[in-house]
Amino acid sequence: APVAAPPPAQAPSAAPPPAPTAAQVQAQTPPAPASTAVPAAEMDPERALDAATEFYDEFYEGKLNVKQMIDKMLEFSRSERGSWQHEVHFFMVKRMVEEQTRFPRYHEQELLRTAELFGSMLALD
């Protein structure tokens, strides 16, 4: 029987793929085994920050409630160190801590949602 020729090689793309949306990150399966996790040093921190920012955007738009945010943060915090989820979690916490200086400028509704989220984060630690 004839042997099938290998598929043609595709040229590597010049631009990195777009960062996954928060919904795509949420839909991901549980973290990969440690042997397949992407080392943190090889990850693009800007993409992880973008994903964390999108989670906050969805939270402040009312698409995610406090419990959903906390559940997602807990899930990501338990992910394999160096995994995509673990890096997104790092930026979610980092952004919240850095955002404290801007709390006085928040509108009342945003401030109340932030206070509930921040309080829930502290209660879990």
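Good morning. A salt bridge here is a side-chain nitrogen of Lys or Arg within 4 Å of a carboxyl oxygen of Asp or Glu. Helices (H or I, at least four residues) and strands (E, at least two) are DSSP runs, numbered from the N terminus.

Before going on, a word on the source. This is a predicted model, in which local features need pLDDT of at least 70 and side-chain atom pairs count only at pLDDT 80 or more, while totals for chains, interfaces and linings use all residues. Residues are numbered from 1 along each chain as its sequence is written, and side-chain values use heavy atoms, with hydrogens and water left out.

Let me return to the first pair and ask how accessible its members are. Glu98 counts as partly exposed because its relative accessibility is 44%, and Lys94 is also partly exposed, at 32%. The cut-offs are as follows: buried means under 20% relative accessible area, exposed over 50%, and partly exposed in between (1.4 Å probe, protein chains only).

Now the overall fold. The chain has five helices and zero strands, and along the sequence the pattern reads α-α-α-α-α. Of its 125 residues, 30% count as buried. Among contacts with a separation of 6 or more, 71% are accounted for by residues 24 or more positions apart; contact means heavy atoms within 4.5 Å.

How many salt bridges does a search of the whole structure find? The search gives five. Side chains of opposite charge can pair when their charged atoms come close.

In one of them, the side chains of Asp71 and Lys67 meet at 2.7 Å, N to O. Both residues lie in helix α3, residues 66-77, four residues apart, which is about one turn of the helix. Asp71 is partly exposed, with a relative accessible area of 37%, whereas Lys67 is exposed at 55%.

In the other, Lys72 and Glu75 form a salt bridge of 2.9 Å, N to O. They are three residues apart in helix α3, so they too are separated by about one helical turn. Is Lys72 buried or exposed? Lys72 counts as buried because its relative accessibility is 8%, while Glu75, at 35%, is partly exposed.

I turn next to the aromatic residues. A search of the whole structure finds six aromatic pairs. The rings of Phe59 and Tyr60 have centres 5.0 Å apart and planes at 70°, so this pair is edge-to-face. By the rule used, rings of Phe, Tyr and Trp (its six-membered ring) pair if their centres lie within 6.5 Å; planes under 30 degrees apart count as stacked, over 60 as edge-to-face and the rest as tilted. Phe59 is buried, at 0% relative accessibility, and Tyr60 is partly exposed, at 27%.

Another edge-to-face pair is formed by Phe103 and Phe118, with 6.3 Å centre to centre and 75° between the planes. Phe103 lies in the loop between α4 (84-99) and α5 (108-124) and Phe118 in helix α5, so the pair ties together parts that are 15 residues apart in sequence. Phe103 is buried, with a relative accessible area of 16%. Phe59, Tyr60, Phe103, Tyr106 and Phe118 form one aromatic cluster.

A charge also meets one of these rings. The charged end of Arg113 sits over the ring of Phe59, 4.1 Å from its centre. This requires NZ of Lys or CZ of Arg within 6 Å of the ring centre and within 35 degrees of the ring normal.

Finally, helix α5. Which residues of α5 are buried? They are Arg113, Thr114, Leu117 and Met121. These residues cover an arc of only 100° around the axis, which puts them on the same side of α5; the arc is that of the directions from the helix axis to the C-beta atoms. On the other side of α5, Glu108, Leu122 and Ala123 are exposed. What covers the buried residues of α5 includes α2, α3 and α4. Thank you for your attention.
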